[in-house]
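Subject: Handing over the two-chain structure

Dear colleague,

Please have it open while you read on.

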Amino acid sequence: MPPSSEDDVAERVVVLPKPLHARPAGQLAQLAGRHKEATIQLVAGEKKANARGVLAVMAMGAVTGTEVTVTVTGPGAEAVADEAADILTAAEAADA
Amino acid sequence: MTEGLGLVGIVLVSHSEALAEGAADLVRQIAGGATVVPAGGAPDGGLGTSPDKIEAAIEDADAGSGVVLIPDLGSAVLSARSVLADLAGETTAQLVDAPFVEGAVAAAVAAGTGADLPAVIAAAEEARDAAKF
């Protein structure tokens, strides 16, 4: 892996079609767990959380319509950012 | 990461069978893939704790990488301790001082990503300092 990959940064801005409740928070934490070399940071207004911390992500209390900025730093940042954005924007009826 | 072994298991020890099972359902939903085993209620299904249920749950949860026990209150701690004392040397299970729901969620998410026993314990303990909102 080229050394420059450590410096990869990718950003996605999404508007939540559903609240960022427990299940998507869990999926983000699992994503972070699969990409241990990458850091996934979420920002919604004044709230911030590292995706690794499932409780911190839930504590953001981001509701439907909230704009969330996902910043991924580290190897494979673009692909990880896409996956994170997919989780945040996936349609889902249940709020668990 | 664990190597060649299964995931760290989580046992939820509660005075209430329904609480332990409900919490396990919720945690599995969030954490996906983690092994979460409820050990709730007295032997007759009423409120209380059962060393036999706790011991059986530890066996069910143990995939070779260790087990974390999260108690709800009071005598759940005492019952879990007595089981661990009886199993001394035969189990890697450890009792963790963590909030029941948040600790279980944090521990199971960590376990589900292949974290080792110390990392899963740390995740559960950190939940005590996590604000709910």
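Predicted model: local features only at pLDDT ≥ 70, side-chain atom pairs only at ≥ 80, totals over all residues.

Chain A

Chain A has an open sheet of 4 strands in the order 1-4-2-3, and the pairing in that sheet is antiparallel. Its edge strands are strand 1 (9-15) and strand 3 of chain A, each of which pairs on one side only. On average, and with direction ignored, neighbouring strands of this sheet are turned by 15 degrees against each other. Helix 3 (residues 77-89) of chain A packs on the sheet, where it touches strand 1, strand 2 and strand 4 (67-73) of chain A, and its direction makes about 15 degrees with that of strand 1 of chain A.

Within that sheet, strand 2 (residues 39-44) and strand 3 (residues 47-50) of chain A pair in the antiparallel sense over 4 bridges. These two strands of chain A form a hairpin with 2 residues between them, and Gly45(A), which lies in the turn, has a positive phi of about 60 degrees.

Chain B

Chain B also has an open sheet of 4 strands, here in the order 2-1-3-4 and with parallel pairing. Strand 2 (36-40) and strand 4 (94-95) of chain B stand at the edges and have a single partner strand each, so one side of each is left without a neighbour in the sheet. Strand 3 (residues 67-71) of chain B pairs with strand 4 of chain B in the parallel sense over 2 bridges, and Leu69(B) stands opposite Leu95(B) in strand 4 of chain B.

According to an unreviewed UniProt entry, the annotation "domain: PTS EIIA type-4" covers residues 7-131 of chain B. In the model, that span of chain B is 50% helix and 14% strand, and its end C-alpha atoms lie 27 Å apart.

Two helices of chain B deserve a look together, namely helix 4 (100-112) and helix 5 (residues 117-126), whose axes come within 7 Å and cross at roughly 150 degrees. Because of that angle, helix 4 of chain B is roughly antiparallel to helix 5 of chain B. The crossing of helix 4 of chain B past helix 5 of chain B is right-handed. Residues of helix 4 of chain B in this contact include Gly103(B), Ala106(B) and Ala107(B), and among those they meet in helix 5 of chain B are Ala119(B), Val120(B) and Glu126(B). Sorted by class, the contact of helix 4 with helix 5 of chain B has 8 nonpolar, 1 polar and 1 charged residues.

Between the chains

How many residues of chain B are in contact with chain A? There are 15 of them, and they are in contact with 13 residues of chain A. On the side of chain B that touches chain A, helix 1 and helix 4 of chain B each supply at least two residues, and the largest share, 5 residues, comes from helix 4 of chain B. By class, that side of chain B has 9 nonpolar, 4 polar and 2 charged residues.

Helix 1 (residues 22-34) of chain A packs against helix 1 (residues 17-31) of chain B at an angle of about 50 degrees, with their axes 7 Å apart. That angle is why helix 1 of chain A counts as oblique to helix 1 of chain B.

With kind regards

Methods. Residues numbered from 1 in each chain as written. Chains lettered and ligands numbered in written order. Axes fitted to C-alpha atoms, helices over the stretch in contact; angles between N-to-C directions. Parallel < 35°, antiparallel > 145°, perpendicular 65-115°, else oblique. UniProt positions renumbered as here; feature names shortened; annotations may be inferred. Contact = placed C-beta atoms within 7 Å. Nonpolar A, V, L, I, M, F, W, Y, C, P; charged D, E, K, R; others polar. Pairing = 2+ DSSP bridges. Left-handed = near helix turned anticlockwise from the far one by under 90°.
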